[in-house]
Amino acid sequence: MGCDPPYEVPKCDKFCSIKGIPQLEELEKALAKKGLKDPWIRNEIWRYQPAFGTKMQKVWNLFFRGLPLGLALTIATVALEKTLGGDGHGGHGEHKKEH
């Protein structure tokens with residue numbers, strides 16, 4: 001399934017420190033000003049790893065990940081209809097009235 005040995009399990013140290021993650025460092029400072037501390041902040045570190053991309057990349061992937069496939073299928077469908085001589089209306093077009 002794509003996880004053929006030998007594979008490496010990442011060290012948890014990489015995900016246990018918020019140092020170097022500006023958003024989480026700011027959050028920690030803001031909480032400290034109010035006398036608070038978030039013991040679970042380390043659970044959010046993975047979201048800020050480069051492998052997950054920027055906020056814009058995430059938005060782009062959310063809305064456009066199926067665009068290439070959808071466009072290819074649309075082009076193939078239109079080409080197939082043209083080749084087979086379809087009228088393009090699927091039998092639901094306007095019918096001529098007989099007098």
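View 1. The model is predicted: local features need pLDDT of at least 70, side-chain atom pairs count only at pLDDT 80 or more, and totals for chains, interfaces and linings use all residues. Residues are numbered from 1 along each chain as its sequence is written, and side-chain values use heavy atoms, with hydrogens and water left out. Helix α1 has twelve residues and spans 17 Å from its first C-alpha to its last, close to the 16 Å expected at 1.5 Å a residue. Helices (H or I, at least four residues) and strands (E, at least two) are DSSP runs, numbered from the N terminus; the expected span is 1.5 Å times one less than the number of residues in the helix.

**View 2. Helix α3 and G85.** Residues 67–84 make up α3, which has 18 residues. From first C-alpha to last, α3 reaches 26 Å, close to the 26 Å expected at 1.5 Å a residue. G85 follows α3 and has a positive phi, near 80°. The protein has three helices and zero strands, and its elements run α-α-α from the N terminus on.

**View 3. I45 in the loop between α1 and α2.** I45 lies in this loop and counts as buried because its relative accessibility is 0%. Buried means under 20% relative accessible area, exposed over 50%, and partly exposed in between (1.4 Å probe, protein chains only). I45 and K19 are 26 residues apart in sequence and 9.8 Å apart in space, C-alpha to C-alpha. Of the 99 residues of the protein, 8% count as buried.

**View 4. The salt bridge between E44 and R47.** The closest N and O atoms of E44 and R47 are 2.5 Å apart. The count for the protein comes to one salt bridge, defined as a side-chain nitrogen of Lys or Arg within 4 Å of a carboxyl oxygen of Asp or Glu. E44 is partly exposed, at 31% relative accessible area, and R47 is partly exposed at 39%.

**View 5. The largest pocket.** Its volume is about 250 Å³. The lining includes I21, P22, Q23, R47, Y48 and K58; α1 (22–33) and α2 each supply at least two lining residues. A pocket is an open set of points on a 1 Å grid over the protein atoms alone, where a 1.4 Å probe fits, with protein on both sides within 12 Å along at least five of seven lines; lining residues have an atom within 4 Å of a point. Points are joined across faces, edges and corners, and the volume is the space filled by probe spheres set on them.

**View 6. A nonpolar surface patch.** M56, V59, W60, L62, F63, F64 and L67 form the patch, with about 780 Å² of accessible area together (Shrake-Rupley method, 1.4 Å probe, only the protein chains shown counting as cover). Patch residues have over 30% relative accessible area and no salt bridge, nonpolar side chains (Val, Leu, Ile, Met, Phe, Trp, Tyr) being joined within 5 Å. Helix α2 (residues 55–64) gives the largest share, six residues. M56 lies in α2 and is exposed, at 60% relative accessible area.

Methods
Patch = residues over 30% accessible without salt bridge, like charges linked within 9 Å, V, L, I, M, F, W, Y side chains within 5 Å.
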